[in-house]
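Dear colleague,

I am passing on the structure we spoke about, and below it you will find my notes on what turned up when I went through it.

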Amino acid sequence: MTNSQHPVFDKQFRAQFDKLLAWRRDVRRFDDRPIDSGIVDDLLDRACLAPSVGNAQPWRFVSVRTAAIRSSVADHVDVENRKAKDGYDDDEIQSEYQRLKLHGLREAPVHLAIFCDEGTNDGRGLGRQTMSETLTWSVVMAIHNLWLSARTQNIGLGWVSILQPEKIHRILDVPDDWRLIAYLCLGYPQRESDEPELSTLGWQDRIDRSKTRFAR
Ligand SMILES: Cc1cc2nc3c(=O)[nH]c(=O)nc-3n(C[C@H](O)[C@H](O)[C@H](O)COP(=O)(O)O)c2cc1C
(Lines give C-alpha, C1' and ligand atoms only; values in the text may rest on other atoms or scores of the structure.)
Protein backbone atom coordinates (compact mmCIF):
# COMPACT_ATOMS: atom_id res chain seq x y z
CA MET A 1 0.00 0.00 0.00
CA THR A 2 1.40 3.45 -0.85
CA ASN A 3 0.18 6.85 0.09
CA SER A 4 1.24 9.75 -2.11
CA GLN A 5 0.95 12.05 0.91
CA HIS A 6 3.61 10.16 2.83
CA PRO A 7 6.25 12.34 4.49
CA VAL A 8 9.90 12.22 3.51
CA PHE A 9 12.03 12.99 6.54
CA ASP A 10 14.95 15.22 5.73
CA LYS A 11 18.30 16.03 7.28
CA GLN A 12 16.88 18.94 9.22
CA PHE A 13 14.19 16.71 10.75
CA ARG A 14 16.81 14.11 11.67
CA ALA A 15 18.90 16.78 13.40
CA GLN A 16 15.85 17.86 15.41
CA PHE A 17 14.97 14.25 16.21
CA ASP A 18 18.53 13.61 17.44
CA LYS A 19 18.17 16.64 19.69
CA LEU A 20 14.89 15.28 21.04
CA LEU A 21 16.57 11.97 21.92
CA ALA A 22 19.57 13.68 23.49
CA TRP A 23 17.48 16.09 25.58
CA ARG A 24 14.77 13.66 26.71
CA ARG A 25 15.29 13.34 30.46
CA ASP A 26 13.75 11.59 33.38
CA VAL A 27 12.59 14.62 35.36
CA ARG A 28 11.99 14.79 39.12
CA ARG A 29 12.28 18.54 39.66
CA PHE A 30 9.22 20.34 38.38
CA ASP A 31 8.27 24.00 38.54
CA ASP A 32 4.74 24.96 39.61
CA ARG A 33 3.31 25.73 36.14
CA PRO A 34 0.18 23.62 35.44
CA ILE A 35 -0.18 21.65 32.22
CA ASP A 36 -3.22 22.41 30.10
CA SER A 37 -5.53 19.35 30.12
CA GLY A 38 -5.83 19.55 26.31
CA ILE A 39 -2.08 19.03 26.06
CA VAL A 40 -2.25 15.92 28.25
CA ASP A 41 -5.02 14.54 26.00
CA ASP A 42 -2.89 15.21 22.94
CA LEU A 43 0.04 13.40 24.54
CA LEU A 44 -2.14 10.37 25.29
CA ASP A 45 -3.36 10.37 21.67
CA ARG A 46 0.26 10.18 20.57
CA ALA A 47 0.98 7.39 23.04
CA CYS A 48 -1.85 5.45 21.38
CA LEU A 49 0.06 5.51 18.06
CA ALA A 50 2.63 3.08 19.52
CA PRO A 51 3.10 -0.39 18.08
CA SER A 52 1.48 -3.23 20.00
CA VAL A 53 1.45 -6.98 19.72
CA GLY A 54 -1.39 -8.07 17.44
CA ASN A 55 -2.46 -4.40 17.45
CA ALA A 56 -3.95 -5.17 20.88
CA GLN A 57 -3.41 -1.62 22.22
CA PRO A 58 -3.53 -2.86 25.81
CA TRP A 59 -2.53 0.50 27.37
CA ARG A 60 -4.91 2.04 29.90
CA PHE A 61 -4.18 5.50 31.26
CA VAL A 62 -5.43 6.66 34.64
CA SER A 63 -5.14 10.37 35.37
CA VAL A 64 -4.73 10.65 39.13
CA ARG A 65 -6.32 13.95 40.11
CA THR A 66 -7.72 13.53 43.63
CA ALA A 67 -5.42 15.24 46.14
CA ALA A 68 -5.91 12.56 48.82
CA ILE A 69 -5.06 9.76 46.36
CA ARG A 70 -1.98 11.58 45.07
CA SER A 71 -0.84 12.13 48.60
CA SER A 72 -1.27 8.42 49.53
CA VAL A 73 0.82 7.49 46.49
CA ALA A 74 3.56 9.96 47.51
CA ASP A 75 3.54 8.67 51.11
CA HIS A 76 3.75 5.07 49.92
CA VAL A 77 6.70 5.87 47.63
CA ASP A 78 8.50 7.61 50.51
CA VAL A 79 8.08 4.49 52.65
CA GLU A 80 9.37 2.23 49.86
CA ASN A 81 12.23 4.64 49.21
CA ARG A 82 13.34 4.40 52.83
CA LYS A 83 13.18 0.59 52.62
CA ALA A 84 15.20 0.68 49.39
CA LYS A 85 17.83 2.82 51.10
CA ASP A 86 18.01 0.39 54.02
CA GLY A 87 18.56 -2.43 51.51
CA TYR A 88 22.10 -1.19 50.83
CA ASP A 89 24.59 -2.66 53.31
CA ASP A 90 27.20 0.02 52.91
CA ASP A 91 26.57 3.24 54.93
CA GLU A 92 28.25 5.37 52.31
CA ILE A 93 26.02 4.00 49.53
CA GLN A 94 23.02 4.56 51.80
CA SER A 95 23.85 8.22 52.22
CA GLU A 96 24.63 8.58 48.52
CA TYR A 97 21.22 7.02 47.73
CA GLN A 98 19.51 9.30 50.22
CA ARG A 99 20.90 12.38 48.49
CA LEU A 100 19.21 11.44 45.20
CA LYS A 101 15.84 12.94 44.36
CA LEU A 102 13.96 9.96 42.98
CA HIS A 103 10.50 11.41 42.44
CA GLY A 104 8.65 14.69 42.10
CA LEU A 105 5.24 13.35 43.13
CA ARG A 106 4.42 16.30 45.41
CA GLU A 107 5.32 18.96 42.85
CA ALA A 108 4.28 17.43 39.53
CA PRO A 109 1.00 18.89 38.25
CA VAL A 110 0.08 15.66 36.45
CA HIS A 111 0.18 12.06 37.70
CA LEU A 112 -0.53 9.25 35.24
CA ALA A 113 -0.75 5.60 36.20
CA ILE A 114 -0.31 3.38 33.17
CA PHE A 115 -1.73 -0.12 33.17
CA CYS A 116 -1.72 -3.09 30.84
CA ASP A 117 -5.13 -4.67 30.32
CA GLU A 118 -4.15 -8.31 30.53
CA GLY A 119 -7.75 -9.39 30.00
CA THR A 120 -8.13 -7.74 26.62
CA ASN A 121 -9.24 -9.84 23.65
CA ASP A 122 -8.18 -7.14 21.22
CA GLY A 123 -5.49 -8.48 18.93
CA ARG A 124 -6.99 -11.99 19.27
CA GLY A 125 -3.85 -13.42 20.82
CA LEU A 126 -1.64 -12.74 17.80
CA GLY A 127 2.01 -12.85 18.89
CA ARG A 128 1.15 -13.45 22.54
CA GLN A 129 0.77 -17.19 22.48
CA THR A 130 4.52 -17.66 22.31
CA MET A 131 5.60 -14.51 24.19
CA SER A 132 2.97 -13.40 26.67
CA GLU A 133 5.19 -10.55 27.94
CA THR A 134 4.73 -8.77 24.60
CA LEU A 135 1.48 -7.30 25.92
CA THR A 136 3.48 -5.54 28.65
CA TRP A 137 6.15 -4.44 26.22
CA SER A 138 3.47 -2.88 24.03
CA VAL A 139 2.52 -0.63 26.93
CA VAL A 140 6.16 0.33 27.42
CA MET A 141 6.25 1.40 23.76
CA ALA A 142 3.27 3.68 24.41
CA ILE A 143 5.04 5.14 27.43
CA HIS A 144 8.06 5.95 25.33
CA ASN A 145 5.88 7.67 22.73
CA LEU A 146 4.39 9.68 25.58
CA TRP A 147 7.83 10.51 26.94
CA LEU A 148 9.15 11.83 23.62
CA SER A 149 5.91 13.63 22.78
CA ALA A 150 5.94 15.35 26.17
CA ARG A 151 9.46 16.56 25.48
CA THR A 152 8.35 18.08 22.15
CA GLN A 153 5.99 20.21 24.29
CA ASN A 154 8.92 21.04 26.61
CA ILE A 155 7.21 18.98 29.29
CA GLY A 156 9.26 16.66 31.49
CA LEU A 157 8.29 13.13 32.47
CA GLY A 158 9.52 11.16 35.47
CA TRP A 159 8.99 7.41 35.88
CA VAL A 160 8.49 6.33 39.49
CA SER A 161 9.05 2.64 40.20
CA ILE A 162 9.92 2.73 43.90
CA LEU A 163 6.50 1.37 44.81
CA GLN A 164 4.52 -1.82 45.26
CA PRO A 165 2.34 -2.22 42.16
CA GLU A 166 -0.36 -4.09 44.12
CA LYS A 167 -0.63 -1.18 46.55
CA ILE A 168 -1.12 1.34 43.72
CA HIS A 169 -3.64 -1.04 42.16
CA ARG A 170 -5.62 -1.00 45.41
CA ILE A 171 -5.32 2.76 45.92
CA LEU A 172 -6.60 3.41 42.39
CA ASP A 173 -9.27 0.70 42.51
CA VAL A 174 -8.88 -0.45 38.91
CA PRO A 175 -10.03 -3.77 37.36
CA ASP A 176 -8.32 -6.94 38.61
CA ASP A 177 -6.86 -7.87 35.24
CA TRP A 178 -5.05 -4.57 34.79
CA ARG A 179 -1.37 -4.65 35.72
CA LEU A 180 0.54 -1.52 36.70
CA ILE A 181 3.37 -0.82 34.29
CA ALA A 182 4.33 2.71 35.26
CA TYR A 183 3.49 5.56 37.55
CA LEU A 184 4.47 8.80 35.83
CA CYS A 185 4.85 12.42 36.85
CA LEU A 186 4.56 15.15 34.22
CA GLY A 187 5.34 18.83 34.52
CA TYR A 188 7.57 21.60 33.27
CA PRO A 189 11.16 20.92 34.33
CA GLN A 190 12.98 23.34 36.62
CA ARG A 191 16.06 22.94 34.47
CA GLU A 192 17.20 21.21 31.32
CA SER A 193 20.18 18.96 30.77
CA ASP A 194 21.49 16.64 28.11
CA GLU A 195 22.92 14.39 30.81
CA PRO A 196 20.98 11.92 33.02
CA GLU A 197 20.65 13.23 36.57
CA LEU A 198 22.07 9.96 37.93
CA SER A 199 25.22 10.57 35.83
CA THR A 200 25.52 14.17 36.98
CA LEU A 201 25.23 13.08 40.61
CA GLY A 202 27.78 10.29 40.19
CA TRP A 203 25.42 7.38 40.90
CA GLN A 204 25.60 5.70 37.50
CA ASP A 205 27.29 7.03 34.39
CA ARG A 206 26.41 5.99 30.87
CA ILE A 207 28.11 2.68 30.11
CA ASP A 208 30.56 2.20 27.29
CA ARG A 209 28.42 1.58 24.21
CA SER A 210 30.80 -1.15 23.03
CA LYS A 211 29.45 -3.24 25.97
CA THR A 212 26.03 -3.21 24.31
CA ARG A 213 26.98 -4.49 20.85
CA PHE A 214 27.45 -8.07 19.77
CA ALA A 215 27.69 -9.98 16.53
CA ARG A 216 27.07 -13.63 15.75
C1 LIG B 1 11.39 1.41 33.96
C2 LIG B 1 11.99 2.65 34.55
C3 LIG B 1 11.80 2.92 35.90
C4 LIG B 1 12.39 4.06 36.50
N5 LIG B 1 12.17 4.34 37.82
C6 LIG B 1 12.71 5.46 38.36
C7 LIG B 1 12.47 5.82 39.71
O8 LIG B 1 11.77 5.16 40.45
N9 LIG B 1 13.01 6.95 40.18
C10 LIG B 1 13.83 7.73 39.40
O11 LIG B 1 14.33 8.76 39.88
N12 LIG B 1 14.06 7.42 38.12
C13 LIG B 1 13.52 6.31 37.58
N14 LIG B 1 13.73 6.02 36.26
C15 LIG B 1 14.54 6.95 35.45
C16 LIG B 1 15.96 6.49 35.28
O17 LIG B 1 16.68 6.69 36.47
C18 LIG B 1 16.57 7.30 34.13
O19 LIG B 1 15.87 7.00 32.96
C20 LIG B 1 18.05 7.00 33.93
O21 LIG B 1 18.79 7.41 35.04
C22 LIG B 1 18.59 7.72 32.68
O23 LIG B 1 18.29 9.09 32.75
P24 LIG B 1 17.51 9.82 31.59
O25 LIG B 1 16.16 9.14 31.47
O26 LIG B 1 17.39 11.24 32.03
O27 LIG B 1 18.30 9.63 30.33
C28 LIG B 1 13.17 4.91 35.68
C29 LIG B 1 13.33 4.64 34.32
C30 LIG B 1 12.75 3.52 33.76
C31 LIG B 1 12.93 3.26 32.28
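I began with leucine 146, which touches Leu43, Arg46, Ala47 and Leu157, leaving aside residues up to four places away in sequence. Please keep in mind throughout that this is a predicted model.

Leu146 also belongs to the largest nonpolar core, a set of 38 residues, and together with Ala113, Ile114, Tyr183, Leu184 and Leu186 it is one of those that touch the most other members. At least two residues of this core come from each of α2 (37–47), α3 (67–86), β2 (110–117), α5 (134–152), β3 (156–160) and β4 (178–187), and β4 gives the most, with 8 residues. In soluble globular proteins, nonpolar side chains tend to be buried together.

As for the strands, β2 is largely enclosed by the rest of the structure, because 7 of its 8 residues are buried. β2 pairs in the antiparallel sense with β1 (residues 59–63) over 5 bridges, and also with β4, again in the antiparallel sense, over 8 bridges.

Glutamine 164 lies in the loop between β3 and α6 (165–172). Glutamine 164 counts as partly exposed because 14 other C-beta atoms lie within 10 Å, a number that falls between the limits of 12 or fewer for exposed and 20 or more for buried. Although 87 residues separate glutamine 164 from valine 77 in sequence, their C-alpha atoms are 8.3 Å apart in space.

Turning to the chain as a whole, there are 7 helices and 4 strands, which follow the pattern α-α-β-α-α-β-α-β-α-β-α along the sequence. Of the contacts between residues at least 6 apart in sequence, 85% join residues at least 24 apart, and buried residues make up 24% of the 216 residues. The C-alpha trace spans about 60 × 45 × 45 Å along its principal axes, and the radius of gyration of 19 Å agrees with the value near 17 Å that a compact globule of 216 residues would have.

With best regards

Key
Residues numbered from 1 in each chain as written. Predicted model: local features only at pLDDT ≥ 70, side-chain atom pairs only at ≥ 80, totals over all residues. Core = buried A, V, L, I, M, F, W, Y, C linked by C-beta atoms within 7 Å. Contact = placed C-beta atoms within 7 Å. Pairing = 2+ DSSP bridges. Rg over C-alpha atoms; globule rule 2.2 N^0.38 Å.
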